[in-house]
Amino acid sequence: MNDQLLFETQGPSRIPSTFTGVTDVLKTDTDPESRDEELRVRADQIGNLTWKQFQAIRELLIRVGLPEEVASTAPWLAADPQSLLDQLKRPRREVLAPGVTGITLQLDVLIAPLIRALENLRMAEKRYSGRFRLPRYTSTALNRACVCDLSSHGDLSDATQFLFSELDKVDAEIDANNDYGADIQENGVRIGGLLFPLLIDLPGQPLLGGFETADCYGRTYFIQESEGIAASDVLEWLRTVPTDARELRVHPLQERRAGLLSIAGKVRAGNTHLTEGEQSALLRAVMPNTKIVLTVDGVVRMDEARRRLVAQQHLDRPTEFTPDTEWQTRAEAVLEALQQNNMLAPLLPTEPTEVRSWIDNPIEAVGDGRCADDIAALTVSSLLRTPGTSSDRVISRALKTRGVAGTKRTQARSELTAHVVARAIPVDNGRDGRRSALERVLRMTELRDLDADMRPIDEILVDARGEMTSAAEDRAKGKKPGVGQAVKQITVRAGFYLTCGSGNEGPLLQRSAHGASKGEAQEPAELLRKLATTPRGLEQLAQVVFDGRRGHPVRLVEEDQEAEDFSSSGAGEQLLTSEGLRALALAKSVTIENLTASAQVAEDTDDIRDRVDRLEGKITDMGRRKDEGVALAYVDDYGWSDPHNIIARLEAITKRLGDWQTLHRVMNRNRFSPTDAE
C-alpha cells in the first residue's frame, strides 16, 4: 500500500476529527425510544472485515466480471462482509430496466467509501449551457464498468483541481434544492440507493476503481459532509489498496470500521452513555438495503444502463397522489399519533375515540346534532400547537413519517389543519378555494394552543368581552395584551364560517387577489387579527358564529350593538359583505377628538393654508414656463385669459374671508375692552 498521498485529505490520520466528536447538527424532536431502536439496528448491521474475507470478496467479484481495480475496493462497501460473501456465492440476475438485465446485490453499505457521482442527471441543464464540464461516462471495452476519462488534462494536479471544482457545483446544487439535509445528517439514511462500478482515468496514474452514487448523491453528500469526509478523501482511500493483512489493518477505512464496531459494541452491551458524536457516527454510517449493479448483459452499454435506471428513479415516477390525498394521509398519521398519546382534546370529558370520529366525519357528526364550528375548534385545538411543545413534537414526528421534513418550519401545520377542517365542506361547494382561505386564517399565530371548549357561544362571548376589557386595561398600563382563550374560540369559529359557511352566496373572507392594490392586499389572518382586537370586531365575529350555525346570511353589527342569536334570517336587514368585513377590520380605532365648531374651523383654516400654499406654488410655476430660445415667460409675453373665471372666484373668496376677519377683530376688541381690563 503506497503511503504517498495523491489527493489532499483531512489530516495525517486521514480520519476527520469530527468522526466521533460532538455533532454540529441541532437536536430535533426524534423520539428517544425510536432513536435507541435505530441505534441497535445500525449496530447489528456492521461487522468486522478480515483479510481473508477481503481476499475472498475480491476474487468472487473478479469471477463475476468486475474489473480488478473495482473488485479490489469493493470489500470496503459491505457493512456486513459476510452478507456480501453469501450473496456472491449465489449471484442474482434481474431485470434492471426495460431491455436491460444484469447481476445485482442488495446490501447494507458503508457510506464513507462511496464516490460521489461524476455524471449527474441533475446537472444536465448546466452541462449543455456550459456551466458544468465533467465528461459523461463511457464504458470499458468489455462493458464491465462505467468510465470517467480525465486523462486528457495536462497533469494530475490539473485533472483533480478540475474534478473537485466541478463537484463543488453539484454540492451547491444539492444544498440549494434538497430540503432533507438536516434530517439526514442527524438521523442517517433510511432509504437505500443505487450504485454502479466506476473507473476513473487520471493522467499518469493507474485506473482508480470504486462504486459511485448513481441516484443517491444527495444522501451520500450530506453524510460525508457531516462526517468531515471530502471527495478527495474518498479517492485517496480507494487509491491505496491493501495487499496484505498489515496494510488492511492500518488502512483509514479499516480504522473507521474499527471505530464504528467499538460504538456498536457499546450499543449491543446496553451502554446508555454514548456521546452525541458516537450516536451520530453510528446512525450516519450505513445506507441500508442498497442495490449494487455488478454487471449488465447484452448490447446495452453500462453507462447507458445506468442512465436508464437513474431516469426511471427520478423521471418515470409512479402515479402521484393529489395534494388533497397527500394531506389527508398525513392527517391520518398525525391524528393517530395524538390519539395514542392521549393528546386529542385531552381536557374534554368525551372519549378520545368519539372526538376522533367527529374530526374524521364532521358531516355525519353535524347530522347527529353536533355544531360544525365545535368540531372545527376541536381540530384546531388538537393540531395547532406552539413549536417545541410535547404535542407539537408528536405532530412533527408523525409528519416526518409521511414525507414532511427539513430544517425550516413551513406552513405544514396550517395546511394539515385546514385540510382536516375542510372535511366539513361538500366537495362540490368550492372546497379548494375555501380551504385555501381557511389555511390563511390558520396562519394567525395567536390561534395556537386553543383550549377544547364546548360551552354555548353566548357563555364564551361573555368571557371574551371580559378579556377584551382586560386587554384594554393592560394596554393602558403599558403591558402588551395577549389574546384570551375565549376570544380565540370566537375567532376560530368565525374564521370557519367566514371561509366555509353556507349562509352567504360565497365565502366572506377570501385570500387577497393577485396584484391587489394598496389597502386590499391583507390576507385573512391579518383581517381576523384586527377584528379580534376591537369590541365591535369581536361582536361581529360572534354574530358570524350565531348566524353561521343557523345557516343564515351574516348580519352586520353596528357600532355599540351586541351580537345576538336570531332564530330568523336577516331578510330586510343590513348584511355583512366581503367589502364590509374588510372595511370593518381596517377601520381606524376610536380616537379622542374635539368636535366643537371652533376646533373644526381651526382644522379648516389649516386645510385652506395648505391649499393656498399649493396655489402659490402653481402660480409661480406658471410664471416660469417658456419655450426654448424665448426670453420671456409665456404669461409675461401673452398674458393669461382666465378661461374659468378664477380671478372673480378668488376675489369673492377673499372678500368673504376678509369680512370674517373684520368681524373677528371687532368681536375681540369688544371682548377685551379697556373697561374689562380694569
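The model is predicted, so local features need pLDDT of at least 70 and side-chain atom pairs pLDDT 80 or more, while totals for chains, interfaces and linings use all residues. Residues are numbered from 1 along each chain as its sequence is written, and side-chain values use heavy atoms, with hydrogens and water left out.

Let's start with the charged pairs. A salt bridge here is a side-chain nitrogen of Lys or Arg within 4 Å of a carboxyl oxygen of Asp or Glu, and the count comes to 57. Three of them:

| Pair | Closest N to O |
|---|---|
| Arg-256 and Glu-227 | 3.6 Å |
| Arg-536 and Glu-558 | 4.0 Å |

Arg-536 sits in helix H24 and Glu-558 in the loop between H24 and helix H25, so this pair ties together parts 22 residues apart in sequence. Helices are DSSP runs (H or I, at least four residues), numbered from the N terminus. Arg-256 is buried at 5% relative accessible area, and Glu-227 is buried too, at 3%. Buried means under 20%, exposed over 50% and partly exposed in between (1.4 Å probe, protein chains only).

Gln-279, in helix H12, is also buried, at 13%. Its side chain makes a polar contact with that of Arg-35 at 3.0 Å (a donor and an acceptor, N or O, within 3.5 Å; neighbours in sequence count only if both atoms are side-chain atoms).

As for helix H28 (646-671), six residues of the nonpolar patch come from it, the largest share. Ile-653 is found in H28 and is partly exposed at 47%.

Note on methods: Helix = DSSP H or I, 4+ residues; strand = E, 2+ residues; numbered from the N terminus.
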